[in-house]
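Subject: Handover of a structure and findings

Dear colleague,

Please find below the structure that I am handing over to you.

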Amino acid sequence: MSPMSSLGSDDWQLVAHVFDVKPGQVIKVVVGKDPVCLGNVDGEFLAIYDICSHEYVELHEGWLEGDEVECPQHGSKFSMRTGAVRGLPATKPVPAYETKVEGEHVYVRGPVPVSSS
Ligand code: FES
């Protein structure tokens, strides 16, 4: 587990209804005690840790571009799939979480081991 993550959850947690986050949007949800940024990428739900690895800024306040979220403070980009950095000034990835949809409900668990890709 990442040192940035407090607890997370090994169990699937119901975090949202599919209509809570529209395509191209990101919202904040909580998994365990972790703030998590949940995004809808063309109907696919993806989740990463909500706090930028550069400074303490919430990523869900930023913008989704394709499968990347852009930090609202200095513009770093993170992959919504892996948490990998796709744009400076941040240099460290953020944890990514597993997601699944059952019916109209979105579930998240994790975080999963950090990827650098
Ligand atoms: S706080 Fe996110 S890029 Fe600086």
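The notes that follow describe the chain as a whole, then its strands, and then its core.

The model is a predicted one, in which local features need pLDDT of at least 70 and side-chain atom pairs count only at pLDDT 80 or more, while totals for chains, interfaces and linings use all residues. Residues are numbered from 1 along each chain as its sequence is written.

Overall description

The protein chain contains 10 strands and zero helices. Here helices (H or I, at least four residues) and strands (E, at least two) are DSSP runs, numbered from the N terminus. The radius of gyration of the protein chain is 13 Å, close to the 13 Å that the globule rule gives for 117 residues, so the chain is as compact as a globular protein of that length. That radius is taken over C-alpha atoms, and the globule rule is 2.2 Å times the number of residues to the power 0.38. The C-alpha trace spans about 40 × 30 × 25 Å along its principal axes.

Of the 117 residues in the protein chain, 42% are buried. A residue counts as buried if 20 or more other C-beta atoms lie within 10 Å of its own, as exposed if 12 or fewer do, and as partly exposed in between, with C-beta atoms placed from the backbone. Among contacts between residues at least 6 apart in sequence, 43% join residues at least 24 apart; two residues are in contact if their C-beta atoms, placed from the backbone, lie within 7 Å.

Strand E2 (residues 26-31) pairs with strand E3 (residues 34-41) in the antiparallel sense, over six bridges. Two strands are said to pair if DSSP finds at least two bridges between them. Lysine 28 has cysteine 37 in E3 as its bridge partner. E2 and E3 form a hairpin with two residues between them, and glycine 32 in the turn has a positive phi of about 65°.

E3 also pairs with strand E4 (residues 44-49), again antiparallel and over six bridges. Asparagine 40 stands opposite phenylalanine 45 in E4. The hairpin of E3 and E4 has two residues between the strands, and aspartate 42 takes a positive phi near 50° there.

Strands E9 and E10

E4 and strand E9 (residues 96-102) pair in the antiparallel sense over two bridges, with alanine 47 opposite tyrosine 97 in E9. E9 in turn pairs antiparallel with E10 over six bridges, and threonine 99 stands opposite valine 108 in E10. The hairpin that E9 and E10 form has two residues between them, with glycine 103 in the turn at a positive phi of about 65°.

The open sheet

An open sheet of four strands has the order E5-E6-E7-E8, with antiparallel pairing. Its edge strands, each pairing on one side only, are E5 (63-65) and E8 (85-87). E5 and strand E6 (residues 68-70) run antiparallel and are joined by three bridges. Glutamate 65 stands opposite glutamate 68 in E6.

Glycine 24

Which residues does glycine 24 contact beyond its neighbours within four places in sequence? They are Asn40 and Leu64. Glycine 24 lies in the loop between strand E1 (9-17) and E2. This glycine is partly exposed, with 13 other C-beta atoms within 10 Å. Glycine 24 and glutamate 68 are 44 residues apart in sequence, and 10 Å apart in space from C-alpha to C-alpha.

The nonpolar core

The largest nonpolar core has 28 residues, of which Val36, Cys37, Leu38, Ala47, Ile48 and Val108 touch the most other members. Such a core is a set of buried Ala, Val, Leu, Ile, Met, Phe, Trp, Tyr and Cys residues joined through C-beta atoms within 7 Å. Two or more residues come from each of E1, E2, E3, E4, E9 and strand E10 (105-112). E4 gives the largest share, four residues. Not counting residues up to four places away in sequence, alanine 47 touches Val36, Cys37, Leu38, Tyr97, Thr99 and Val108. In soluble globular proteins, nonpolar side chains tend to be buried together.

Yours sincerely
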